[in-house]
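Student: Could you take me through one part of this model closely, namely its pockets and what surrounds them? Please keep the definitions beside the terms as you go.

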Amino acid sequence: MTAATVELERNGAIASVIINRPERRNAITGDMMVRLEELSRAFAQDEETRAVIFRSEGSDFSVGADLSQSPSSRSSETSLLMRRRVAETGSLLMRAIQEIHQPTICAMKGVATGAGACISAACDFRIGADTTRAGYGEVKLGINLMWNAVPVCVHLVGPARAKRMIMTGKLFDAITLERWGFLDEVVSLAELDNRTEEWAQEYATLPPISVQMIKRSINHVSGALNRAVMHMDGDQWLLATMSDDYREAVSAFFEKRTPVFRGR
């Protein structure tokens, strides 16, 4: 990973975490996940930053995990013990973003799916350009949604709509996402950066101790059972990636054809 893949910029009391891999539509690699987690954790030692923006370069927020680097659960090069630990990387990143003390706002545009949808959902607020389409496409690869992201989606849109987003793997448009509660506001693409900055400035001017305590309390109330319910989603992923359906889905993706799933 080059340093430019994930960047940190500061503008006074506002920090921006920038996903910068537009040539691959901001597909997320394992190294990028580690970098995003490190940056998120570092805000705990930052007294100057009062609000954090997550945004991306290029036309899409992120098309999800980079499948060209997707690990195989059958790999003989790595022990099952270590594969289980690697499978927890996404949930550690989600937790790191959710535990940022400062208010977080995600600026979304283009496609945000899989890892992209997870990262945006982990933020406190989401502002979407009218070009935004978001969803969770893991089911199309024959795997479960991991990263402890299922309850986060349920909290945002409710159980029935979460089932539609996660079980179908479809991308939903910005107006639908705003109506469902996934997006807090929809603006034109030209207005996205300025409007996100305005949200960040509003929270940056508030008393930080009170704001950060309130955020922590609300997160604990709404997500008290998240880890208890989803503690095995990494193991579910390991099981799913051992299936014939998973191998068929990945092959079909790279061969640009429709997969045939057999439940095996």
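Tutor: The largest pocket has a volume of about 1300 Å³, where a pocket is, on a 1 Å grid over the protein atoms alone, an open set of points at which a 1.4 Å probe fits, with protein on both sides within 12 Å along at least five of seven lines, and a volume is the space filled by probe spheres set on the points, which are joined across faces, edges and corners. Its lining, meaning residues with an atom within 4 Å of a point, comprises 48 residues, of which Gly64, Ala65, Asp66, Leu67 and Leu141 are the closest to the centre. Two or more lining residues come from each of helix H1 (30–42), H3, strand S5 (111–113), H4 and helix H12 (244–255), helices being DSSP runs of H or I with at least four residues and strands runs of E with at least two, numbered from the N terminus. H12 gives the most, with five residues. By class the lining divides into 26 nonpolar, 13 polar and nine charged residues, with Ala, Val, Leu, Ile, Met, Phe, Trp, Tyr, Cys and Pro counted as nonpolar, Asp, Glu, Lys and Arg as charged, and the others, Gly among them, as polar.

This is a predicted model, in which local features need pLDDT of at least 70 and side-chain atom pairs count only at pLDDT 80 or more, while totals for chains, interfaces and linings use all residues. Residues are numbered from 1 along each chain as its sequence is written, and side-chain values use heavy atoms, with hydrogens and water left out.

The second largest pocket has a volume of about 840 Å³, and of the 32 residues that line it, Gln98, Ile218, Asn219, His220 and Ser222 are the closest to its centre. At least two lining residues are supplied by each of H3, H4, S6, H5, helix H9 (208–222) and H10, and H9 gives the most, with eight. This lining has 15 nonpolar, 10 polar and seven charged residues.

Of these contributors, H5 (residues 150–157) has Pro151, Val152, Cys153 and Val157 as its buried residues, buried meaning under 20% relative accessible area with a 1.4 Å probe and protein chains only. They pack against helix H3 (89–98), helix H4 (115–122), helix H6 (159–168), helix H7 (174–180) and helix H10 (226–230), contact meaning heavy atoms within 4.5 Å. After H5 comes Gly158, with a positive phi near 90 degrees.

Notes
Buried means under 20% relative accessible area, exposed over 50%, partly exposed in between (1.4 Å probe, protein chains only).
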